[in-house]
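Student: I have the model open now. Can we talk through how the chains pack?

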There are 2 protein chains.
Amino acid sequence: MPEHARNKEQAILDAAEREFLTKGFDGARTTSIAQAAGVTHAMLHYYFRTKEKIFERILDEKMRLMGESVLTAFGSPGLPLSERLRQGIENHFDFVAANPDLPRFLVNEVFARPERYEAMRQRIRWIMNPLLADLQRELDEAAARGEADPADALMLLLDVISLNVFPFLAYPVLEPLLGDLAGDRTRFFAQRKAENLEVIRKRLLKTPQR
Amino acid sequence: MPEHARNKEQAILDAAEREFLTKGFDGARTTSIAQAAGVTHAMLHYYFRTKEKIFERILDEKMRLMGESVLTAFGSPGLPLSERLRQGIENHFDFVAANPDLPRFLVNEVFARPERYEAMRQRIRWIMNPLLADLQRELDEAAARGEADPADALMLLLDVISLNVFPFLAYPVLEPLLGDLAGDRTRFFAQRKAENLEVIRKRLLKTPQR
DNA sequence: ATTTTATTTAACAAATTTGTTAATGCAAAG
DNA sequence: CTTTGCATTAACAAATTTGTTAAATAAAAT
């Protein structure tokens, strides 16, 4: 493929990513994408045929990125469990912080059109099930050694992801409540990260109570 | 206002709620709303002028409902802190379970168009700040009595809401990972509720460790 | 009963949006 | 140099979607 074409094709994809990520499929306009990419809107159809096809390219890429982020965040075997979890939470949190509109995009488009998601189910399993099995084994071993309470790996991972992702989704609603942190996005999210680490750390503590 | 008109107006609002909640503002079609309500689409404009105005009615109502749900869930003073939290988590979880597409709707529409939200900032503060202050006082007292670790009320509440809401947002992505729970939505969410209670309970435990 | 007001319908219109197409330019291969 | 194929543009078209309007109908008031 010629160089200048590749550039335009990529320019369109870049513009489409911004447009779809911020406005969703229904809110996105192919003319806006073309304008942002600096091409006539006929070029979009020349390269990608339809709006739907451009969208699929972006959605696939983002789904892959999201799955990969969880995998790379928590996939550090060889470390002690508590350290592995600490690093996993931090890495995952930082990833979400660097891609703050990714979760909303995926939640929306996947939830709104499950048929689009069908193709990904298998892939999600392939990626996540080994990680979950590995994590479960470590959790069981730690519990057997009396270092931690028993825990279900999926539930624990969902705890982490919920705590890491949701504050980014809800930030506009939270911001008026922040008091001295209001307006200071960075400081608020630093505090959230610490809180999430603490919550998960305590979740695993062995406690005789109750 | 005559009875039959009130009925049609209400039928339109009911249909609009379903349409907007499932498809969002951009994806919603006024003709679909009219059809679902059993009226010609001109009636929509007769009663509400514009699509935007119908949407605002729905959005306002849902924002109010959401704020109210948090308030009523956790607003039971007079109980011991741990019991108040337990009831709060359960009530809030049950509310989300009964309105599973509400969070996605609000996250979307509010995040996508912050200008729409401006009017609500003040109201959110009025509703939430007293609750937070009250909860903070109880947390401080419990900590002073040595019954719990110190905690920030807003952070704790955000823990709860994150844990309660996110699994509903992410369910389509989670479902392929559920193993023996796959397909059994009810059982999965029962387990989530128990997990969330446990996470928050442990979050407050006084621990000498670290 | 008549007038007045509110409700409803069908037809229309304007704007937007996605997608097509035919003509043109341009670069490389032969 | 010419031919071939890809890239690009401008103009167009079809479909959709929101909103309007004038006329018809029903209801309420006098």
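Tutor: Let us begin with one helix pair: α6(A) passes α8(B) in a left-handed crossing, meaning that the near helix is turned anticlockwise from the far one by less than a right angle. Helices here are DSSP runs of H or I with at least four residues, numbered from the N terminus. This is a predicted model, in which local features need pLDDT of at least 70 and side-chain atom pairs count only at pLDDT 80 or more, while totals for chains, interfaces and linings use all residues. Residues are numbered from 1 along each chain, chains are lettered from A, and side-chain values use heavy atoms, without hydrogens or water.

Student: Which residues make the contact of α6(A) with α8(B)?

Tutor: Val107(A), Val110(A) and Phe111(A) meet Phe168(B), Leu169(B), Pro172(B) and Val173(B), where contact means heavy atoms within 4.5 Å.

Student: How many salt bridges does the rule find across the interface?

Tutor: The rule, a side-chain nitrogen of Lys or Arg within 4 Å of a carboxyl oxygen of Asp or Glu, finds 8 between chain B and chain A. Asp159(A) forms a salt bridge with Arg192(B), with the closest N and O atoms 2.6 Å apart.

Key. Helices (H or I, at least four residues) and strands (E, at least two) are DSSP runs, numbered from the N terminus.
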